Each structure stands twice: as structure tokens, then as C-alpha cells.
Amino acid sequence: VDANDWWRGAVIYQIYPRSFFDSNGDGVGDLPGITQKLSYIAGLGVDAVWLSPFFTSPMKDFGYDVADYCDVDPLFGSLADFQALLDEAHRLNLKVIIDQVYSHTSDQHRWFKASRQSRDNDFADWYVWADAKADGTPPNNWLSIFGGSAWQWDSRRRQYYLHNFLTSQPDLNFHNPAVQDAILDVMRFWLEMGVDGFRLDVVNMYFHDAELRDNPVVSQPSERHVGSGDDNPWSKQFHKYQITQPDNLAFLQRLRQVMDQYRARTSVGEIGSYDSLRVMADYTSGGDKLHMAYTFDLLGTDHSATYLRSVLTTLEDQLEDGWPNFAISNHDVMRSVSRWGGEAPRQDFAKASLALLLSLRGSSCLYQGEELGLPEGNVPFERLQDPYGIEFWPEFKGRDGCRTPMAWTTTGGFTTADDAWLPLDPAHLPLSAEAQDHNPDSVLNWVRRFLPWRREQSALVAGDFTWLADDQQEAILFARHSAEQTLWIGINLTGNTLTVDLPVEATALPATGFTGTVTGKTMTLPAYSAVFAEPK
Ligand code: TEU
């Protein structure tokens, strides 16, 4: 692989800075804490880290509400701390991807503070402002993902402004070229500093319909936004005019032109949309927009073989030369061991589901704690922090359970403070990094063996993807194929032993740490397991 293309097939470790490691004892994780733990991350065998936002923010959405794109929030440290993190990561051969939230800013950003002053200041048109209808109600029926109308009344301008998320997250107006230019300047700032890439928050929500047409209302939310809580009002509307507008393609080309002025950089867009796989294809194909993107298609509850086959088939059919990225856990959804695994034996389910994630064609994100096979953390209502969870409790319990502090040692080891910003789940203590370090069969040690092995398999890193058989019922059976190598992969995410028929005889590869077998043309997959095999 060309050094500029390091991101193809890469494994990216996602860090949620608040909850990773607290170096100064204030109960909140920080940048120097991350720097201290970089050798642990490098030791997993990943290629890169992605840091969730650490920029200046009032933290209403825990950093996804940015008040200054080019500075570090004092809670997390300073720009010098970030530079030190970057240098140490590069010394350890880890790339650094930072999270950029361009769709909206915080209402504390100086652009918005200026914009709301009047209808004719320099920033007046930087956000999406609209007059009330004659009866005083919002300009249209658009809903916020976090509940209620997507419009908030501003008494000074006597107009509504658009917010797809919290009222404190006003949407930037990308139809204004000055906004586009300002955002590209922010990118240059970080590219000059030496970051290796960007994770682009809700990359399909930069634009809105300039005519502000009403969204169609759906009675059966078949076109609902995957990944939101099912009872979220967001799911009751088809967000035709609010998100995924065609104008975005030209902006993504501008963005790519800036990135291409630097060597070996990458971008991974987050797509939360109807028709998300189509959008992924549109945004990543042609080599002139995003490098890669991920959707919420593997971040919901369905993980049946039938469902996964349909997602991956649709994707392969549409993708052309685009490059996917996959995640089965992140800071927005219940951890996969709980969401998909339910009551399944935790260690086995973690390994089997990670074997799937890490064998798909594309790059993968591994969310902090996933290498420990952590289940969802328990957070009682009194300790909830996520406004999204507080709004929809108890139908949707919000995102705090996947954001609890990392369990480093058998007593916690996240902070020296009496308490952390979110409670560390005591059920995580026996699964801590320290506890697992001593157990050769632990998920952690399996990851440490599997990732270096994976890196040597050209079929897994860069090979193409085909189904091995049209339908193997419960088993997920596919081939990866490069010029040098063919690998057959069978995954069993069920509690039953499955046997599958192979086209020709094959040999199982024990190096992967799984106990399934291949005898002749029959692959045997024990409950919650995987088999990697080479055809004879
Ligand atoms: O998430 C966008 C998004 O679609 C989520 O709101 C998702 O629907 C939900 O979290 C599923 O449970 C991004 C960030 O990842 C998220 O943390 C931010 O809150 C959001 O954007 C707003 O910036």
C-alpha cells in the first residue's frame, strides 16, 4: 500500500477524551492523560487514533458544541498539550485523526454571538435564520434529532434559527461562501499543525433546503434515521429537505482540494441519513470527495445474518471505487457486547463480533473499551449527563452508558478524584486492562495478537469482498481476495453451532485464536465464534 493510502484497511482507535484517562485529578479525562496511554494503544496494533472533540466548548453536548475551532478547552489541556500528544503518537507510528464538527457551532461561538445581534451585521447570514409564520410558529415542520422543533426563537433578531441538535447548537449556513471559506481555514490550521486526518461529524448535514420546504411526514417510519432512539420524534419524519442536500457534493470537493495539498491525510465522514449507503457511495467515490465514511447501519440492534448480508450486498453494489469505514460501537450507541450480544458470553461475543468488524472490506473503528469487550456501563438516572438521554428517558436511555470512564485497573485507575464526571461501572473492574493483561485468553490479549496478524494478511487489508454462498442461513460467510491471497471467513453471532458448506476443501488458520474447524468442505462454527480459512 502506498504510504499516502495508509488509511485503506486501517484500524482506528476512537478515544472519548472525557472518559479515557484523567492526568490531573479533576474527574475528567484530558490530553496529557491520552499521551500517557499512547503506548498502550500502540500495543494493541492499531494504525491510528480518532479523538472526539477537545476544543473550546461550553460542553452542552460534551464538545460537539464548539465555541472555538482552533483552541483546546482548558478542561482537556492546551494546544501545547495537543502538540505533545501528536509528537508522541507519531513517534509510536500512530496517525492522529481529530473530530471536526462543522454542521453547527456552539451558541457561544463568536460567529453566532455576532450573528444574533442584528439582521445586517457581517455574520448575519452565517447561520440559518428565518421569519416566523404569520401565526408566530416556526417556518416549517423540521424536527431536531434531540427532540422538538428544529427552530429556536431568538428575541433580539425576532427570527428563528435552525438547530438540528440542541438549541445551543445553531446550524451554520453553508450556502454562504464565507462560511465555507472559514471552515476550510479551520482545516488548514490543523493540517499545518500536522494532524493526519479528520472525522467529520454529521457530514451530510452541512446544507439545508434554501427554500425551507416542509419535510414529508411518515406514519410508518420506514425511512427513519437509523441510529436514533426508536421513539425519537426524529424518526417520524422523512428528513428530505433538512439533511443530505445535493449542494454538499461541491463543498466536499472543495474540502478534498484543501486536503490534497498535504501528504498522506485522510477524512472519515459520519453519515446519519435515509438511504445512508447510497450517500456513503456518493460521498466517497470518484477520489475527489471524502476518503471514507461510516453510517449507522451496523450501529443499530439488528445483527442477524440476513440483515448484515443485505447491508453489505447493497453497499458492495453501490460503492464503486468508494471506501467504507465500519464501526459497531462508538460514543453514540449502546456498546455492541450489550446491544448485539445481550446475554451471550461476553468474551466470546466480543471476539466474534470484532472478527467480523475487522474482516470487512474497508477500514474499521475500534471504540475505547471495545478491546476489553466491555458491556454497556450502568448509569442511574440521577447521574445522567447526556441531554439526549435526559430528554427521552426511559424509552431511550441516552449515550452515557457507552461513555463511562475506562477501567484501567481492578480498582478503576481512571482518576485520583473521589468521583468522576460519570460513574465507572463496578461491573467493568474485573474486565479492566490490568486484569486482562495477565490473562492470555482475554479479549485484550486476543486483540493484541489478532491485529498484528491481520496487518500481514493482504486479503484483509486491501482485498476485494465476495459472498461465498448466496445463503448460509445464520452464518455470515464471505471471501476476501488480494493478488497474493484468498481468505474465507465464517462468522457465527448466534448461540448455536453452525456448519456450512464450502465450495472446495479449505484449511482453518489457528493463528486467529478461534477453535472452529474445517474438515474437507465443511466449516464448523461453534457458538459465537469465527473461522478464517484458506482454500486448498
Ligand atoms: O452524531 C450525529 C447523530 O446522528 C447522532 O445524534 C445519533 O443519531 C445519535 O447519537 C444516536 O444515538 C454526531 C455525534 O457523533 C454526536 O455525539 C453529537 O451529539 C451529534 O453529532 C451532534 O454534534
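Entry 1: I started at Asp154, whose bridge partner in strand S8 is Gln159. A reminder to myself before going on: this is a predicted model. Strand S8 covers residues 159-162, and I found four bridges linking S8 to S7, with the two strands antiparallel.

I then looked for the rest of this sheet. Three strands make it up, in the order S6-S8-S7, and the sheet is open with antiparallel pairing.

**Entry 2: strand S13.** Next I went to S13, residues 363-367, and asked how many of its residues are buried. Five of its five residues are, so I noted the strand as mostly covered, taking buried to mean 20 or more other C-beta atoms within 10 Å of a residue's own.

I also checked which way the residues point. Ser363, Cys365 and Tyr367 go one way from S13, Ser364 and Leu366 go the other way, and all are buried.

Which strands pair with S13? I noted strand S1 (residues 11-15), which runs parallel to S13 and is joined to S13 by four bridges. Within that pairing, Tyr13 has Leu366 of S13 as its bridge partner. I noted strand S12 (residues 325-326) too, also parallel to S13, with two bridges between them. Here Asn325 sits opposite Ser363 in S13.

**Entry 3: the two domains.** I turned to the domain assignment of the protein chain. Domain 1 comes in pieces, 3-106 + 177-207 + 243-452, and domain 2 is 464-535. Taken over C-alpha atoms, the centres of domain 1 and domain 2 are 29 Å apart. The contact draws on 18 residues from domain 1 and 17 residues from domain 2.

Which helices supply at least two residues each to the side of domain 1 that touches domain 2? I wrote down helix H8 (305-319), helix H10 (346-357) and helix H13 (443-455). H10 gives the most to this side, with six residues.

Terms used: Residues are numbered from 1 along each chain as its sequence is written. This is a predicted model: local features need pLDDT of at least 70, side-chain atom pairs count only at pLDDT 80 or more; totals for chains, interfaces and linings use all residues. A residue is buried if 20 or more other C-beta atoms lie within 10 Å of its own, exposed if 12 or fewer, and partly exposed in between; C-beta atoms are placed from the backbone. Two strands pair if DSSP finds at least two bridges between them. Domain bounds come from an automatic or database domain assignment. Two residues are in contact if their C-beta atoms, placed from the backbone, lie within 7 Å.
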